[in-house]
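These are my notebook entries on a structure that I looked up residue by residue.

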Amino acid sequence: MFDEHNLGRRRPRLTDIARRAGVSVATVSNVLNKKGRMSRETVDRVMRILDELSPVAAAGTPGAAAVNGSVLLASVDPGTKVFQSYLHLRLLEGMQSILEEEGIGVSMADYSDPEAYRRAVRRFRAAVLVGFPDDPDNWAGESPVPVVWALRTTARTGDVVQEDNREIGAIAAEYLLGLGHRVVGYLDDSHIETLAERRWFLERALARHGGRLVAAAGKNLFNSGPDGMSIDQPQTARLIREIVKAKPRPTALFIPGDRLCFAVYSILTELGMTPQQDLHILSCNNEIPILSSMTPRPASVGMNIDAIGRRAAETVLWRLRNPSEPPVRVLVRPHLVLPPS
């Protein structure tokens with residue numbers, strides 16, 4: 001929780017500065033790293049707030065001083081800006097809660113080119129990468145600093161901290177079977193390995209109890225639009241029509257992302273169907289701002305994003321102390337989040 005009385009006792013977080021300055025976390029990061037175009041008024045306001053919140057007012061340029069002892073949190077999805085996402089800001093806060101105790105800051109940036117990332121990351125002690133580039137090892141393999149992948153299932157180079165998709169599948173199956181649903185639909189995206197992994201574990205969990213999965217797969221459902229966070233509505237609508245026409249027809253649908261779930265609500269309404277009545281919906285990830293905008297609000301399997309951020313930071317610290325150890329994979333247990341009664 002934001003508490004101004006405690007700010008003087010610790011390094012200010014990017015989120016603290018952003019709230020006080022009335023700008024986004026990405027803007028604060030850009031100011032500190034001297035990236036992008038911003039008005040002089042915005043730069044001055046951010047730097048003034050930083051001075052106010054710092055335990056000791058820094059002389060010169062506090063942003064430059066912070067970078068030298070920082071960890072880089074980088075989006076490496078070409079052409080996207082995922083740090084507009086609620087999930088990634090929560091990931092950032094989880095990392096900060098651990099790293100600030102070690103006197104280490106966190107900076108954020110988006111990269112579409114591995115070479116640009118490698119040039120920039122030399123200024124940092126380590127990097128936490130998020131995203132699904134086609135060749136992840138091209139990013140991490142030549143990295144001049146230790147790399148931890150967050151929210152990614154396959155990477156031969158670097159450590160990995162991710163949600164436990166086996167448990168996500170098991171939780172979804174237990175919840176839907178408990179409501180009496182024996183045929184469950186699933187929207188898949190062949191570009192994102194996390195979703196394929198969730199589908200595989202869900203299908204196995206359903207089958208163990210006599211259930212059946214009906215899946216419809218698209219490609220790049222989440223990567224439409226200039227910010228990389230839009231949904232390909234026509235493709236999603238086609239997949240939904242495919243599922244509702246299946247025989248036997250699913251009575252429930254597990255959507256592997258809340259943003260996609262929001263689009264599905266709209267599509268079902270256009271098809272003359274009422275979400276949660278004509279087709280029961282279970283979502284995933286627990287992005288509260290998105291879930292709160294849906295009526296009725298669906299249950300969601302939360303992947304425990306704060307804990308993933310904390311474990312990513314702990315893995316960075318462990319790797320800095322153990323540079324010669326083989327890569328590790330850390331799984332974080334998810335949980336079911338029911339809508340408010």
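**Entry 1: Ile 98**

I began with Ile 98, which is in contact with Arg 310, Ala 313, Glu 314 and Leu 317 once its neighbours within four places in sequence are left aside; contact here means heavy atoms within 4.5 Å. The model is a predicted one, in which local features need pLDDT of at least 70 and side-chain atom pairs count only at pLDDT 80 or more, while totals for chains, interfaces and linings use all residues. Residues are numbered from 1 along each chain as its sequence is written, and side-chain values use heavy atoms, with hydrogens and water left out.

I located Ile 98 in helix α5 (residues 86–99); helices (H or I, at least four residues) and strands (E, at least two) are DSSP runs, numbered from the N terminus. I noted a relative accessible area of 16% for Ile 98, which counts as buried. The classes are buried under 20% relative accessible area, exposed over 50%, and partly exposed in between, with a 1.4 Å probe and protein chains only. I also took the C-alpha separation of Ile 98 and Ala 312: it is 9.3 Å, although the two are 214 residues apart along the chain.

**Entry 2: nonpolar cores**

I next looked up the nonpolar cores, each a set of buried Ala, Val, Leu, Ile, Met, Phe, Trp, Tyr and Cys residues joined through side-chain atoms within 4.5 Å. The largest has 88 residues, and Leu 73, Val 128, Leu 187 and Phe 254 have the most contacts inside it. A second, separate core has 18 residues, including Leu 72, Val 76, Tyr 111 and Val 145. For Val 128, not counting residues up to four places away in sequence, I listed the residues touched; among them are Val 71, Leu 73, Met 95, Val 148 and Ala 312.

**Entry 3: salt bridges**

How many salt bridges does a search of the whole structure find? I recorded twelve, taking a salt bridge as a side-chain nitrogen of Lys or Arg within 4 Å of a carboxyl oxygen of Asp or Glu. I followed three of these pairs.

- Glu 115 and Arg 118 meet through their side chains at 2.7 Å, N to O. Both lie in helix α6 (residues 114–121), three residues apart, about one turn of the helix. Glu 115 is partly exposed at 41% relative accessible area, whereas Arg 118 is buried at 9%.
- Glu 163 and Arg 198 form a salt bridge at 2.9 Å, N to O. Glu 163 belongs to strand β5 (residues 159–163) and Arg 198 to helix α9 (residues 193–208), so this pair ties together parts that are 35 residues apart in sequence. Glu 163 is buried, with a relative accessible area of 2%, and Arg 198 is also buried, at 2%.
- Arg 333 bridges to Glu 167, with the closest N and O atoms 3.3 Å apart. The pair links distant parts of the chain, 166 residues apart: Arg 333 is in the loop between β11 (329–332) and β12 (335–337), and Glu 167 is in helix α8 (residues 165–178). Arg 333 is exposed, at 57% relative accessible area.

**Entry 4: aromatic pairs**

I found four aromatic pairs in the structure. Rings of Phe, Tyr and Trp (its six-membered ring) pair if their centres lie within 6.5 Å; planes under 30 degrees apart count as stacked, over 60 as edge-to-face and the rest as tilted.

Tyr 111 and Tyr 117 are edge-to-face, 6.0 Å centre to centre with 70° between the planes. Both Tyr 111 and Tyr 117 are buried, and together with Trp 139 they form one aromatic cluster.

Which form does the pair of Tyr 186 and Phe 254 take? I recorded it as tilted, with 5.9 Å between the centres and 45° between the planes. Tyr 186 lies in strand β6 (residues 183–189) and Phe 254 in strand β8 (residues 252–254), so the pair ties together parts 68 residues apart in sequence. I noted that Tyr 186 and Phe 254 are both buried.

**Entry 5: two threonines**

Thr 236 is in helix α10 (residues 233–244) and is buried, at 0% relative accessibility. Beyond its neighbours within four places in sequence, Thr 236 contacts Leu 187, Leu 221, Ile 231, Leu 260, Val 264 and Ile 267.

Thr 42 is in helix α3 (residues 40–53) and is buried, with a relative accessible area of 16%. Not counting residues up to four places away in sequence, Thr 42 touches Val 23 and Thr 27.
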